[in-house]
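I opened my notebook beside the viewer today and went through a few places one by one. Here is what I looked up, in the order I got to it.

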Amino acid sequence: MAMVIGCVFPKPEWENVESDHEPTLNVFGLISLDEETISFVDVHRTLTLDEQASSTWGIDFESEYIVKDASVKIFDGSKQFSFTFMPWEGEYEKNDRRSYQNRYYDTTGTFIPKPNMLYQLSVTTEKWGILTGEVVTPNIPTINEKAFPDTIRAKIPYTMKFDLGGEVYGKISTRVIDGYYCGIEFSRIVSPGTTEWTTPPNDCLESERWQGVLLEGDSLEIILRTMDDQYYEYIIKESAGGFVDFLTGSGGIARSIGVEGGYGVFGAIAADRIYRPLIP
Amino acid sequence: MNVFIKDSYKGAATNQDGYYVITDIPKGEYEVIASIIGFKMVTQKVTLGESENIRLDFRLNAAVLAGEEVNVSAERIKFQKMVEPSRVTLGMREINAAPAFIEADLFRTIQLLPGVQTLNDFSSALYVRGSTPDQNLILLDGITIYNPYHIGGLFSTFNTDAIKEANFHAGGFPARYGGRMGAILNVISKEGNTEKFEGKTNISLLSAKGVIEGPLPKWKNMKGSWMLAGRKTYFDTFFNLMLKIGGENEFKFPYYFYDYQGKINLDFGDNHRLTYSRFFGDDVLSNKWEDSGDEYFSDSREAKGKFDWRWGNHTNSLTWRWIANPNLILKTFLASSRFRFHIDINNESWYAIEEAGEIFKSYDGYFFDVYDVVSDQSLETELTWIVSDAHTITTGAQIKNVNFDLGMEFKVATFDTTISTKPLEMKSKTGEQSIYFQDRWQMSNKISTQIGGRLSRYSLHDKINIEPRLGLKYFVRDDVAIKLNWGRYYQYLTIANPQDESFRFIDIWMGIPKEYKAPSSDHFILGLEYISDTDIIYRIEVYYKSFDHLLTLKEGSPFEENDQLRFNPINEFYDTDAVASGLEILIKKTTGKYKGWIGYTFAKTEWYTKTDGWYPPKYDRTHTINVVGDWQWTQAIHASTAISFSSGNPFTPILGRYETWQETGRGWWQQSKFLVGEKNSGRYPAYFRWDVGLTKSFKSSWFGPGEYYFQFMNVTNHINNLFYIYQTNNDLLSNNHGKVQRKAFPMFPLLFTFGVRYDF
């Protein structure tokens, strides 16, 4: 009447993973028409399985991925601009400029990108080869300030009207300046052709005790960013896709969008923003 | 069952209702023999007059000891009559004889046949000649079973004690079957005993199962039989008891399953039979919790919640069979089948917070539901005209309405606000109407044909699909035949599960959406069969299958809806093409002291999507050898073994590391990832498993005859990879410091089980 169950588990051993992968360039180039964002190029490479990435989040430690000795040039059809590598200086600077450390960018102040223009990228390295890319910048979007409420009430939805400036994707995001208030910050992607959008209801729960307190003078920054298709495909869609495995972590087949000779993306963005007083 | 005339090759195989016709017999005296694997052979003497029709009913008793049954000529009759290729019939004894994990399982036995591949040891799902399990039509007494598994595929739904036989068509199946393009498994449940009440039980610490059967009371010209079988696991109860004894009483084992099935046959006179069949099964994974106490932000808190997940099948069918005359049979069938899963998770919390002498009360509630309900109603009618012993025409019509209700609901509530959203709501009502025609004709001693076709219409597509089915059999000699088969098959439903998942608890069924084409497949099969003087079957078959418009889920891919980017993983698919080809060898011996089969499969399956190109699916195994043996050692001791050796399954290898850039509120940051190679371009090491079973029968004075059984799974404790686990070696003292390493996560370890069965 009884059943006895026994089992003996085998003990698998760890083994080195062999691969004949040859490292190649992996680049993120961004042409920015947003006055608060500098155009830059990240020149990285892939690693073999014997090489360690020193950090998973880029610049907090010296990363083996970063290529520091590349020649990076941007050509706008009439003039060529050389981008210079800004090394990691070991500490944060004012205005959060760490975002531009370990990156290549224009240090001369002469590179001022224009809307609806073709830009060509060239990255040359000794060890990892040459990568090229092209992107057409989007037009600068506009938020219709006249149709925008003078004041934002934190718990009341509001409607904004805008012009994306062409058949491109947009992203609307908000940020409380130097503060926090529960349920008011968000970002939302809008499709090409969209001209109006109403914010969702503030669904912050009562139990969220850390709702923050609005003080007189607090304001909300509303940013409307547009992007070219290459940027949208790589940055927006890729962030939701790719290969995610609960055992192996995240991984995937590296993609090349707008670049040749390696992996990565060459994209462009533009933005408009307005500020409004924020009250409870 | 096979019925044949002694000392001749005249005979017939019964249909699934047990009906048979033998025609063109001259007047005289004959001995008519009925036999089926696992039952004692029965012989009846009969005297036949000129042009006389005689009805001969047989009742067979199970052979208590293997080897008692005599099955010679049965295989030969099948060899002569069957035109369709790739068909294997498994009897109750064959299913129960193979070594099993905990208990005998129909699907586990079928997995050992050539052409059938497995994903891993934890899954009993059938991957047949490049087809995925959702492309198989699984029938229980003619009713479609949508999710024929328990515990996410560890066991099949079918209680082997309640099965009479199972017919498995790996491909090239005849016109009466439609709506799927992979394989057919037609499970016929046991008829009740028409003479006496009897039963069988099997009790263990993990589960109990039993079957009882008996005759219906006779009244006027009505008679009949009934059968009821059921099983339930109670390892949850056992486990919880062990925890209690051990002093641990917080955790409760949250899972059990149960199923029962019944069948009633009622004969009105000689020519009318009503059959009612029912199946009900559920898996339940459920847990509740309650909590109270102080929290860092509140003065008191009470919370309660539950996780409740149920999934299972529920079927009913009513069949009326009318033998209009001995050569004309009309069968009408009304059935309903429902598969549903429902995940219900909720958590509610009440807070009390004291601030400045005032007490503020607060409440949060989270409610999450995911469900999929498939509701199938079918009406079928079939007319069989037995023109002669060599010629049978079958025609019929089927109407099937299937409703799919797939959804997800999320609700958040506070004292004064409730926000609910349905991120997924897919309801569809689909219908399939089809008519079919099938003509099996033994044109001469050399040539038999089975020609037929099917016209089918799917309600969401404004189109009638034509599905020709052609079979040809050529006898090179009396004992050697060549079979050729071609057929086209359409399918009108699919599953929305990720294609690469290693564990699948449930299938998410949905009708083929209007905007997608119906998947279809062409089967080409060429076979050579030889039956030896001792009725050993030797079969070689080669096949080629092409698939068009398969739907494979875009996992995690975003799509736009109402100007918003959503990440719904359910209703976006890649249009996928596929091809499968292979060679199979089967040598099968069904009689004598030693029984079993040796199967070899060479198989190559490739899928094509725009994103990945051509790649082998995860279940593809190039070479597979299965040896299944069944040995009646002594009258009381019976031994069995199953050896499976195959190429490893494909996996996607890791080649290196790379980074992707992501946008955050403060800039762009990199995330390090593994760089992977082409999809499924690597292979795990070869798979090997050797299972052994031993059964000793005895007679008990309390219950009746019984058996002890011992089962050893994976006796060599071979490591078969389910998947790899990866790590970066961080041991500074190791020579491999900094290197990426992997380790196999194994499938079944060496397992030993023991149990007792009783008949009464």
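This is a predicted model: local features need pLDDT of at least 70, side-chain atom pairs count only at pLDDT 80 or more; totals for chains, interfaces and linings use all residues.

**Domains of chain A**

I started with the domain assignment of chain A, which gives domain 1 (25-139 + 228-269) and domain 2 (142-226 + 274-279); such bounds come from an automatic or database domain assignment. To the contact between them, domain 1 of chain A gives 7 residues and domain 2 of chain A gives 7 residues, where contact means C-beta atoms, placed from the backbone, within 7 Å. I sorted the domain 1 side by class and noted 4 nonpolar, 1 polar and 2 charged residues. For those classes, Ala, Val, Leu, Ile, Met, Phe, Trp, Tyr, Cys and Pro count as nonpolar, Asp, Glu, Lys and Arg as charged, and the others, Gly among them, as polar.

Residues are numbered from 1 along each chain as its sequence is written, while chains are lettered from A and ligands numbered from 1 in the order in which they are written.

**Strands across the chains**

Next I followed strand 45 (residues 740-746) of chain B, which pairs with strand 2 (residues 15-16) of chain A in the antiparallel sense over 2 bridges. Strands here are DSSP runs of E, at least two residues, numbered from the N terminus, and two of them pair if DSSP finds at least two bridges between them. Asn16(A) has Gln741(B) as its bridge partner in strand 45 of chain B. Strand 44 (residues 721-728) of chain B also runs antiparallel to strand 45 of chain B, joined by 7 bridges; there I found Thr728(B) bridged to Val740(B).

**Cores**

Which residues touch the most other members of the largest nonpolar core? They are Phe168(B), Leu185(B) and Val187(B), in a core of 82 residues. Another core, apart from it, has 47 residues, including Leu30(A) and Phe40(A). A nonpolar core is a set of buried Ala, Val, Leu, Ile, Met, Phe, Trp, Tyr and Cys residues joined through C-beta atoms within 7 Å. Buried means 20 or more other C-beta atoms within 10 Å of a residue's own.

**Two positive phi values**

Arg129(B), in the loop between strand 7 (127-128) and strand 8 (137-140) of chain B, has phi near 45°. Arg129(B) counts as buried because it has 29 C-beta neighbours inside 10 Å. Asp141(B) has phi near 50° and is buried too, with 23 other C-beta atoms within 10 Å.

How values were computed:
Helices (H or I, at least four residues) and strands (E, at least two) are DSSP runs, numbered from the N terminus. A residue is buried if 20 or more other C-beta atoms lie within 10 Å of its own, exposed if 12 or fewer, and partly exposed in between; C-beta atoms are placed from the backbone. Two residues are in contact if their C-beta atoms, placed from the backbone, lie within 7 Å.
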